[in-house]
Amino acid sequence: MRDAYIVQSVRIPGCKNTRGQYRETRPEDLLAFIMKACVERVGLDPEEIDDVMCGCAFPEGEQGLNIARIASQMAGFPDSVSGATINRFCASGLEAIAMSALRIQAGWADVTLGAGLESMTYVPMGGYAPRPHPEFSLERPETYIAMGLTAENVAERYGISREACDAFAVRSVAKAQRAQEAGYFTEIVPMLAYRFVEGADGIFTKESFLVEKDEGVRAGTTVAGIAHLNSPFKAGGVVTAANSSQTTDGAAATLMASKETCQRLGLKPLARLVTYAVSGCKPDEMGVGPTYAIPKALQKAGLTVEDIDVIELNEAFASQALHCIEVLGLDESKVNLTGGAIALGHPLGCTGAKLTATLIANLWRTGGRYGIVSMCIGGGMGACAIFERVDSV
Ligand SMILES: CC(C)(COP(=O)(O)OP(=O)(O)OC[C@H]1O[C@@H](n2cnc3c(N)ncnc32)[C@H](O)[C@@H]1OP(=O)(O)O)[C@@H](O)C(=O)NCCC(=O)NCCS
């Protein structure tokens, strides 16, 4: 198989759902903006793009139809650039990158764009009209279980305490705060968002403004400051608003090319996709997914956890992230160097693409060689992609 080289990987800042700065900016605009920015950053003629794949966990409403194709057209890409929308819930963005890479690896394409999008403002988690199967939902209710309850199950079954969850959450916020102060988020492209402002005459006008940083980071979060919060999922539970991922709006994009195309167009590679693995697990403890997917990917790559320098492990919930770190024997000093979803947000279908951009920035900043992006997935799954930082083809 050929190699798929990543030549650009970027994201917009994450903003809180419903009351955040993207509350009046439609999801198509978020995605089209970052796709266009991704291509412009390397000076690529969009004519060269064979296909766009975009992950989205709830592809309906404003982010429905075939958002990959719509955003491609909105980004000004020519009609020849095709598009497909991919859904693997929280791994959708990573799946889109993996499938886009695979097209290059198979020789079916030379340049592809893998992206991720979720506006949790415009489309709520679960979608507008979920309709579980009437008989199957009685037979296997856990197939449709609320994500917060799965996190409570992980905490209870594997002995993850409230104190450990809160301490992990505080560490995540502290890392994100430090990264913002130090200017580590080089993968961010400031988003030109918009809002509608009412004039004195009662007429609303559209006003653009720049969003430059992730708005979910609650600087100065302490264990004492979050100890009073109760679990919204279970009486006496350990999962709270402070140790869960935030529900967020986001978009991210990764541009990939074959070796020959990099050479022909003078594109500088940043990384290559080494391998990608997915695995199923029990739906009612979906948070353990990475404990299956990470070893599977490592085995395929002929690597061990010791070979990995940077790990972006999605913090869907502190309880499941802590369990995965423990079971896999991960060195926490390599995990989520610039904070995780507890601090920065988890825009579902965007997350895999967002974490890929962050991973590549962190690999380059630290000089690491191998990096992992992994997450648990609703319905009971885990996904893991391994990337290698490279500077030439
Ligand atoms: C847990 C959850 C229900 C909380 O939702 P929410 O109530 O909207 O959460 P908020 O971030 O608004 O926090 C609520 C309150 O908790 C408190 N709080 C949260 N984080 C805090 C922190 N770090 N420090 C202090 N207080 C905090 C605040 O009082 C906050 O209210 P405020 O924002 O008005 O100050 C929601 O974040 C959630 O469902 N997360 C998981 C999403 C999910 O399942 N994703 C898929 C995973 S597979």
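**The ligand shell and the helix packing**

Visitor: What makes a residue part of the group that surrounds the ligand, and which are the closest?

Guide: The ligand is surrounded by 19 residues, with M147, T221, A241, A242 and A316 the closest, where a residue counts as near if its C-beta atom, placed from the backbone, lies within 6 Å. This is a predicted model, in which local features need pLDDT of at least 70 and side-chain atom pairs count only at pLDDT 80 or more, while totals for chains, interfaces and linings use all residues. Residues are numbered from 1 along each chain as its sequence is written.

Visitor: Which helices each supply at least two residues of that shell, and how is the shell divided by class?

Guide: The helices are α5 (147–158) and α7 (223–226), helices being DSSP runs of H or I with at least four residues and strands runs of E with at least two, numbered from the N terminus. By class the shell has nine nonpolar, nine polar and one charged residues, given that Ala, Val, Leu, Ile, Met, Phe, Trp, Tyr, Cys and Pro count as nonpolar, Asp, Glu, Lys and Arg as charged, and the others, Gly among them, as polar.

Visitor: How do you know that β3 and β4 pair?

Guide: Pairing requires at least two DSSP bridges, and five join β3 (residues 51–55) to β4 (residues 82–86), the two strands running parallel. M53, for instance, stands opposite A84 in β4. From β3 the chain crosses through helix α2 (residues 67–74) to β4 in a right-handed β-α-β crossover, meaning that the path over the helix runs clockwise when the strands point away from the viewer.

Visitor: Why are α1 and α2 called oblique to each other?

Guide: Helix α1 (residues 27–41) packs against α2 at about 60°, their axes 8 Å apart, with axes fitted to C-alpha atoms over the stretch in contact and angles running from 0 to 180 degrees between N-to-C directions. Angles under 35 degrees are roughly parallel, over 145 roughly antiparallel and 65 to 115 roughly perpendicular, with the rest oblique; α1 and α2 are therefore oblique.

Visitor: What makes α5 oblique to α10, and in which hand do these helices cross?

Guide: The axes of α5 and α10 come within 8 Å and cross at roughly 45°, which makes α5 oblique to α10.
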